[in-house]
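Open the model in a viewer and follow the selections below in order. Each stop says what to pick and what is there.

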Amino acid sequence: MEFAMRIPLILTSVLTASLALAACGDNAAPAADATPKAPPPPALTEAEKVAVLATLPAPYNAGDLENGRRAFARCRSCHTITPGGPNMAGPNLYGVFGRQAGALDKYSYSHALRSAGFTWDADKLDHWLENPKTFLPGNKMTFAGLRDATDRRDVIAFLKVETGYASETTKAAATATAPAS
Ligand code: HEC
């Protein structure tokens, strides 16, 4: 009688033990398969993004980064924006702010852009993106332009934050303005 009552108990503990083992096995499997990945490129913190955005003049400093990201989808088929990203149909745009127009050595620009003789800033980008053809006749960016001023403002804000390098000054500003938490 006493023994008979024990059987379910023993069974339960055996079952529990094997369930625990099975659970362990499940957890261990993906870890064993995982291959080490290269660390992602350093992303700006939210505070650093705010600080970088604030370095732009109005109205770009009020740009909506999410809408800018969406609008930039129209540029992605021709442009990369990561540091050292490849040139595609168009040149890599990392660090374009403050860069001389048509200045990348490894990209074959049109004569019009290479000899344009100005430095990219938010206003220049605004005019360029509104209508590349009339802004700089003879250039080879076959893009009709972003006619919506808000989209241009936002794409410029997005570009500044994504391709702008966070200088020590902006980093310091970000630390100073970051909420103390
Ligand atoms: C169909 C391909 C294509 C699309 C789409 C396109 N571009 Fe371009 N872009 C080019 C080409 C080609 C050039 C080089 C033009 C030249 O040399 O005359 C260029 C040049 C530029 C430059 C000048 C870079 C420098 O180094 O001087 C900027 C800035 C730029 N594009 C921004 C954009 C943005 C922002 C968008 C989206 C709103 C966009 N482009 C969409 C092809 C494209």
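Select D154, which is buried because 25 other C-beta atoms lie within 10 Å; buried means 20 or more such atoms within 10 Å, exposed 12 or fewer, and partly exposed in between, with C-beta atoms placed from the backbone. This is a predicted model, in which local features need pLDDT of at least 70 and side-chain atom pairs count only at pLDDT 80 or more, while totals for chains, interfaces and linings use all residues. Residues are numbered from 1 along each chain as its sequence is written.

D154 lies in helix α7 (helices are DSSP runs of H or I, at least four residues, numbered from the N terminus). Leaving out residues up to four places away in sequence, D154 touches G63, D64, N67, G68 and A71 (contact: C-beta atoms within 7 Å).

Now show the largest nonpolar core, of 23 residues: buried Ala, Val, Leu, Ile, Met, Phe, Trp, Tyr and Cys residues joined through C-beta atoms within 7 Å. L125, V155, I156, A157, F158 and L159 have the most contacts inside it. At least two core residues come from each of α2 (46-54), α3 (65-72), α5 (122-130) and α7 (149-163), and α7 gives the largest share, six.

Finish at the ligand, with 28 residues around it, of which C75, C78, G90, S110 and N139 come nearest (C-beta atom within 6 Å). Helices α4 (111-114) and α5 each supply at least two residues of this shell.

Methods: Two residues are in contact if their C-beta atoms, placed from the backbone, lie within 7 Å.
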